[in-house]
Every structure is written in structure tokens, then in C-alpha cells.
Amino acid sequence: MSGVGPITQDWEPVVIRKKAPNAAAKKDEKVVNAARRSGAEIETLKKSNAGTNKAASSSTSLNTRKLDEETENLTHDRVPSELKKAIMQARTDKKLTQAQLAQLINEKPQIIQEYESGKAIPNQQIIGKLERALGVKLRGKK
């Protein structure tokens, strides 16, 4: 190496950026096959309700099945007036607002409002939460 000037090393990093594929391109069959051929790692995820026609929550399936089987009266059950009065009375006795009661049972304030106005479709789990939070029996004979 005689006759060549001093050897220096360039330690500056060289950054080569390539635009990352978007979500649609990642799912494209051609891209996945190309990744398989090149030996790249491919991650597959099985989604719980993927490819099914089921709702995320099955709470309405009972009511929709009842409606499907029903031939004459095509309406959902609503909160009876005795239940909505009992909820309002127990809530006011405990000096709670609708929002405070909703926070106690981990539900939205809109749900309490619907129950007290009689517009809600009765859900036994929510009624059970209300009974525990208010300390009052709302279901069955009193």
C-alpha cells in the first residue's frame, strides 16, 4: 500500500429509509407470499369473532331470539314501572345522583337514566349490580 495517502475511516452513520408498508399492503396476499419466499417472519393472529356473524356481546341475543320466535307482539320487554320507581326511590334515599350510581356499578350514566325512565331493556346483571349498590331487593317478591 505504498504510495497511497493515509487511511481514514468514516464513522458517520448512513441511514437508508424505506417507507413502511401500510396496513392494507401488509394484508395483501402477494406481499405475504413474497415475504414467505424471502424467509421473512410472518405473524398471524386469530381474532375471537372473526368470520362469524355474532355480535361482540351476547346480551341482546336472548331478546332477538325471543323476537324471532314471537309471532304477534313484536316489541322488546321494557322496565316495569314498579322497578323504575324502586330504583329512583332507593337512589334518592342514598342521596346519590344518576352519575354517582352509574359509577358505583361501573356502567354509563345513560343506562341509569334509561332504567329510571323505563326505556331500557331489562338486563338481570345490571339489576343485580343495582341491588348490591343500593342495598335494596328489586327482583322477585318483596
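Predicted model: local features only at pLDDT ≥ 70, side-chain atom pairs only at ≥ 80, totals over all residues.
Which residue's side chain meets Arg91 in a salt bridge? Glu116 does, with N to O at 2.5 Å.

Okay, the overall picture. The chain has seven helices and zero strands, and read along the sequence the pattern is simply α-α-α-α-α-α-α. Of the 142 residues, 18% count as buried. As for contacts between residues at least 6 apart in sequence, 48% of them join residues at least 24 apart.

Helix 2, residues 29-38, is hardly covered: it has 10 residues, and the count of buried ones is zero. Just after helix 2 comes Gly39, with a positive phi of about 85°.

Helix 4 is residues 81-93, and it packs with helix 7, residues 124-134, at an angle of about 30°, the axes being 10 Å apart. That angle makes the two helices roughly parallel, because anything under 35 degrees gets that label. The crossing of helix 4 and helix 7 is left-handed.

Who's touching whom? From helix 4 we have Leu83, Ile87, Ala90 and Arg91, and they meet Ile127, Leu130 and Leu134 from helix 7. Sorted by class, that contact has six nonpolar residues, no polar ones and one charged.

Next, helix 4 against helix 6. Here the angle is about 125° and the axes are 7 Å apart, so helix 4 and helix 6 are oblique to each other. On the helix 4 side the contact is made by Lys84, Ile87, Met88 and Arg91, and on the helix 6 side by Tyr115, Glu116 and Ser117. The class breakdown for helix 4 with helix 6 is three nonpolar, one polar and three charged.

Arg91 sits in helix 4. Is it buried or exposed? Arg91 is buried, because its relative accessible area is 12% and the cut-off is under 20%. Leaving aside neighbours within four places in sequence, Arg91 is in contact with Leu96, Thr97, Gln98, Leu101, Glu116 and Leu134.

Back to the opening pair, then. Side chains of opposite charge can pair when their charged atoms come close. Arg91 in helix 4 and Glu116 in helix 6, residues 109-117, are 25 residues apart, so this pair links distant parts of the chain. Glu116 is buried as well, at a relative accessible area of 6%.

How many salt bridges does a search of the whole structure find? Three. Let me go through the other ones.

There's Glu107 with Lys129, whose side chains meet at 2.7 Å, N to O. This is another link between distant parts of the chain: Glu107 is in the loop between helix 5 (98-104) and helix 6, Lys129 is in helix 7, and they're 22 residues apart. Glu107 is partly exposed at 23% relative accessible area, and Lys129 is partly exposed too, at 26%.

Then there's Glu131 with Arg139, where the closest N and O atoms are 2.9 Å apart. Glu131 is buried, with a relative accessible area of 16%, while Arg139 is partly exposed at 31%.

Which residues other than glycine have a positive phi? Among them are Lys95, with phi near 60°, and Asn106, with phi near 60°. Lys95 is in the loop between helix 4 and helix 5, and Asn106 is in the loop between helix 5 and helix 6. Why do they get called exposed? Because the cut-off is over 50% relative accessible area, and Lys95 has 73% while Asn106 has 68%.

To wrap up: helix 4 runs roughly parallel to helix 7 and oblique to helix 6, and the buried Arg91 has both Glu116 and Leu134 among its contacts. That's what I had, thanks.

Technical notes. Residues numbered from 1 in each chain as written. Heavy atoms only, no water. Axes fitted to C-alpha atoms, helices over the stretch in contact; angles between N-to-C directions. Helix = DSSP H or I, 4+ residues; strand = E, 2+ residues; numbered from the N terminus. Parallel < 35°, antiparallel > 145°, perpendicular 65-115°, else oblique. Left-handed = near helix turned anticlockwise from the far one by under 90°. Contact = heavy atoms within 4.5 Å. Nonpolar A, V, L, I, M, F, W, Y, C, P; charged D, E, K, R; others polar. Salt bridge = Lys/Arg side-chain N within 4 Å of Asp/Glu carboxyl O. Buried < 20%, exposed > 50% of the residue type's maximum accessible area, 1.4 Å probe, protein only.
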